[in-house]
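Subject: Structure for your review

Dear colleague,

My notes on its aromatic residues follow.

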Amino acid sequence: YYTPYQPTSGALAAGFAAAPGDPCASYGNRNFHLFFEEWFGATYSPSRNAIDAAYARTGASVLGAPITDYNYIAANGGGTVRGYENGAIAWTAESGAVVLSGELRSAFAERGGVSGTLGWPRTSAASSGGNGGGEVQGFQFGALTRQYGSSQAFALIGGIRLAFASAGGLDGPLGWPISDEECANSECTQRFTFGSIHYAGGAVEFSIPDIERASAAAGTEVSGTTNPILAGRAGFVSATADGRAIAWTRESGAVVLSRDVRIALAESGGIAGVLGWPREELSCASTCTQEFDGGVVTRTVGGAWAFAPTAVWAAARSASSDPVMATSASTAIASGRVYGFVDFAVAAHPVHGVHAVTGQIRSALAARGGVVGPVGWPAGVVATLNSGDATGFVQSFSGGALVHVDGRSVLVTGDLRRAY
């Protein structure tokens, strides 16, 4: 007979039988439920419930009204799909219910939908801010991408997808896909905003048109592989047939590195080291210099190549319009470092800063034991003194102010320095 009472857990666990030792058990609703499922099938469907919940979260304003039933599709492991006016929701046991809409859904349908090469959706569409931004959605066998401003979406699958990820993906130097992969004779190529990836038999080749044009302009050709380097600004580096190298970033374009500069760069840790990426081509006047993110590589008096950090080179340029390093090595002293140039030096200290020491002040500093003597490290730039008929120079140091007037040098310290 029918009773309105909710069955207890004991009644539910007993099937059609009575619940032993449960005086509060009721069986009407329970029996109705059991007979219904026995005659018509299960009343709970994980796929339907999940699809309905995803539809409620997304909203009819986005997807529109349902236009199909819940359809089971056996391809690629199987799942359930329901179509709506402006999209679809696909459910699998692995990923749950995933919404498909907009250009990505259209591109997915063009590639065979859940029965095609991409398989079932694994993630919802998400925004990616790299390289101008766009949207990406993950699938069973790949991903679909669409850059903002474009009505076209492109697929990433297989070995090219893995190679693209190793080169930084959508945030990396290649940019966004601008084609699907194109395959012939088991070899595939896919084009991106700033280059392409070629994949054959497990081997990957990156191609950057700017590098190829720069090598041709330099009278050589790329030799070996073009490799992505994700340090710093991220880009690609290629060796050339004549021993040079070409480094490319979106910001600086393709920059040629001479054999000597390439060696100096490698000795400083390469592009992932202190020098970073080259900013401009090698320039030669009284000496040769090439600017990098972390400083300057320059030829010394003896013909070797030396590195000066950005702050050191700026200080050197303040002391000379055309500075030339005296040796290839700087000298570490206590907690600082001194860089020797022709006619002056630059001292770099983590507390007192980076300053050039020139002329008579430099001679006076050397006469007093250098930076390890009582004068200490320079803490300011050299200034000119003009007092009546006397002209001289003064520079602040950690141990006082060094003053040079009329051929004499004096270290001013303590109260006198403050008053001075």
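Are Phe-206 and Phe-236 buried or exposed? Phe-206 is buried, and Phe-236 is buried as well. Please note that this is a predicted model.

The rings of these residues also pair with each other. Their centres are 5.4 Å apart and the planes of Phe-206 and Phe-236 meet at 50 degrees, so the pair is classed as tilted. Phe-206 belongs to strand E12 (residues 203–207), while Phe-236 belongs to strand E14 (residues 235–240); the pair therefore ties together parts that are 30 residues apart in sequence. Both residues also belong to one aromatic cluster, formed by Phe-194, Phe-206, Phe-236 and Trp-248.

In the whole structure, the search finds eight aromatic pairs. One of them is formed by Phe-164 and Phe-192: with ring centres 4.7 Å apart and planes at 15 degrees, the pair is stacked, because planes under 30 degrees apart count as such. This pair links distant parts of the chain, 28 residues apart. Phe-164 lies in helix H6 (residues 158–166), and Phe-192 lies in the loop between strand E10 (187–191) and strand E11 (196–200). Phe-164 has a relative accessible area of 3% and is therefore buried. Phe-192 is likewise buried, with a relative accessible area of 2%.

Finally, there is a contact between a charge and a ring. The charged end of Arg-82 sits over the ring of Tyr-70, at 4.2 Å from the ring centre.

Yours sincerely

Technical notes:
Residues numbered from 1 in each chain as written. Predicted model: local features only at pLDDT ≥ 70, side-chain atom pairs only at ≥ 80, totals over all residues. Heavy atoms only, no water. Phe/Tyr/Trp six-rings, centres within 6.5 Å; stacked < 30°, edge-to-face > 60°. Helix = DSSP H or I, 4+ residues; strand = E, 2+ residues; numbered from the N terminus. Buried < 20%, exposed > 50% of the residue type's maximum accessible area, 1.4 Å probe, protein only. Lys NZ or Arg CZ within 6 Å of the ring centre and 35° of its normal.
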